[in-house]
Amino acid sequence: MDQDMWSSLLKNVTCSECSSNSMQVITKSSFGLSNNLELTCGACGHSYGSTFSSNRSSLSKKFDVNNKFVRVFCRLVEGMLLLRHSR
């Protein structure tokens, strides 16, 4: 995750608890390619909530980004196998 991008976006956001301009986005945990991101104040530690960087499938509860990665990887392998067999 690009911390410089978040710093640039949040540099003028003031914490409602302590009035400082030290908001930050931290990664709480990772699930494959999906991250659980939390908005916090760097000065007082107040949390404004968290969310995942990818949606979840309503049926399987798997993260969309991980499913897409697996599908693309499988297609790449299929393509490589086709190329090898066509020689």
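# Reading Cysteines, Strands and Surface

Visitor: Which word describes Cys18: buried, partly exposed or exposed?

Guide: Cys18 counts as partly exposed, because its relative accessibility is 32%. Buried stands for under 20% relative accessible area, exposed for over 50%, and partly exposed for values in between (1.4 Å probe, protein chains only). By this scale Cys74, at 39% relative accessibility, is also partly exposed. Please note that this is a predicted model, in which local features need pLDDT of at least 70 and side-chain atom pairs count only at pLDDT 80 or more, while totals for chains, interfaces and linings use all residues. Residues are numbered from 1 along each chain as its sequence is written, and side-chain values use heavy atoms, with hydrogens and water left out.

Visitor: How many disulfides does a search of the whole structure find?

Guide: A disulfide is a pair of cysteine sulfur atoms within 2.5 Å. The search of the whole structure finds 0 disulfides. Cys18 is accordingly in none, and the nearest cysteine sulfur, that of Cys41, is 3.6 Å away.

Visitor: What is the order of the strands in the open sheet?

Guide: Strands of a sheet pair through backbone hydrogen bonds, either parallel or antiparallel. Here the open sheet has 3 strands in the order E1-E2-E3, and the pairing is antiparallel. Helices (H or I, at least four residues) and strands (E, at least two) are DSSP runs, numbered from the N terminus. Two strands pair if DSSP finds at least two bridges between them. Strand E1 is joined to strand E2, residues 34–41, by 8 bridges, and E2 is joined to E3 by 4 bridges.

Visitor: Which strands stand at the edges?

Guide: Strand E1 (23–31) and strand E3 (47–52) do; each has a single partner strand, so one side of each is left without a neighbour in the sheet. Strand E2 is largely enclosed by the rest of the structure, because 6 of its 8 residues are buried.

Visitor: Which residues stand opposite Leu37?

Guide: Leu37 belongs to strand E2. Opposite Leu37 stands Thr27, and Leu37 also stands opposite Thr51 in E3. Leu37 is buried, with a relative accessible area of 14%. Ile26 is 11 residues apart from Leu37 in sequence, yet the C-alpha to C-alpha distance is 5.6 Å. Further pairs can be located in the model: Gln24 stands opposite Thr40 in E2, and the bridge partner of Asn36 is Phe52 in E3.

Visitor: Where does Leu39 lie, by comparison?

Guide: Leu39 also lies in strand E2, but Leu39 counts as partly exposed at 27% relative accessibility. Between Leu39 and Val70 there are 31 residues of separation in sequence and 29 Å in space, C-alpha to C-alpha.

Visitor: What phi does Gly32 have in the turn between E1 and E2?

Guide: E1 and E2 form a hairpin with 2 residues between them, and Gly32 in the turn has a positive phi of about 70°. The hairpin of E2 and E3 has 5 residues between the strands, and there Gly45 takes a positive phi near 85°.

Visitor: Which residue other than glycine has a positive phi near 65°?

Guide: Lys61 has a phi near 65° and is found in the loop between E3 and H2. Lys61 is exposed, with a relative accessible area of 52%. Ser19 sits in the loop between helix H1 (3–10) and E1 and counts as exposed at 55% relative accessibility.

Visitor: Which residues form the nonpolar patch on the surface?

Guide: Patches are made of residues with over 30% relative accessible area and no salt bridge; like charges are joined within 9 Å, and nonpolar side chains (Val, Leu, Ile, Met, Phe, Trp, Tyr) within 5 Å. A salt bridge is a side-chain nitrogen of Lys or Arg within 4 Å of a carboxyl oxygen of Asp or Glu. Accessible areas come from the Shrake-Rupley method with a 1.4 Å probe; for residues, only the protein chains shown count as cover. In this model the patch consists of Leu33, Phe69, Val70, Phe73, Val77 and Leu81, which together have about 560 Å² of accessible area. One of these residues, Phe73, is found in helix H2, residues 64–85. Phe73 is partly exposed, with a relative accessible area of 48%.
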